[in-house]
Amino acid sequence: MGLIGPVDRDESSGHRRYPPELLETIEALGCLRSTGMSLADMRVYLRHLDGGDPAEQRDLFARNVERLDAEIARLRVRRDYLRRLKAGLWDARDRGDAAAEERAVDEIRGLLPRLK
């Protein structure tokens, strides 16, 4: 992925030997990746890590917070779709409540465009 440079290897075992400061960077990159941050943004992060522009780092993280907020909003809509609407639809069918089933179907149709 090209985020870190070459790492020395132990001559006898061939195992990589990571210096402590590089391990910290690798751990930070792992955390950033787990948030869904792109490789391009992680490269920006690394470029500005040592003496870079703090405003660019701030903006980088602010953009990623906005991306996560939008993702969370989409996940909430999907959860609501499953929990309230689909489960409610099948509950109405199980009870034989045609009116409740029709309301659930109407709500599902209204929510479908937001599921994308």
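In this predicted model, Asn64 is found in helix H3, which covers residues 54–95. Asn64 counts as buried because its relative accessibility is 5%, below the 20% cut-off. The side chain of Asn64 makes a polar contact with the side chain of Asp41, at 3.1 Å. Beyond its neighbours within four places in sequence, Asn64 is in contact with Met37 and Asp41.

Tyr45 is buried, with a relative accessible area of 13%. Phe61, at 32%, counts as partly exposed. A further ring, that of Trp90, has Arg93 over its face, at 4.5 Å from the ring centre.

Helix H4 spans residues 98–111. At 1.5 Å a residue, its 14 residues should span 20 Å. The end C-alpha atoms of H4 are 20 Å apart, which agrees. The buried residues of H4 are Ala100, Ala104, Ile108 and Leu111. Seen down the helix axis, these residues fall within an arc of 75 degrees, so they line one face of H4. The buried residues of H4 pack against H3. On the other side of H4, Ala98, Glu102, Arg103, Arg109 and Gly110 are exposed.

Methods
Residues are numbered from 1 along each chain as its sequence is written. This is a predicted model: local features need pLDDT of at least 70, side-chain atom pairs count only at pLDDT 80 or more; totals for chains, interfaces and linings use all residues. Side-chain values use heavy atoms; hydrogens and water are left out. Helices (H or I, at least four residues) and strands (E, at least two) are DSSP runs, numbered from the N terminus. Buried means under 20% relative accessible area, exposed over 50%, partly exposed in between (1.4 Å probe, protein chains only). A polar contact is a pair of N or O atoms within 3.5 Å; within protein, one must be able to donate a hydrogen and the other to accept it, and residues adjacent in sequence count only if both atoms are side-chain atoms. Contact means heavy atoms within 4.5 Å. The expected span of a helix is 1.5 Å times one less than its number of residues. The arc is that of the directions from the helix axis to the C-beta atoms. A charge sits over a ring if NZ of Lys or CZ of Arg is within 6 Å of the ring centre and within 35 degrees of the ring normal.
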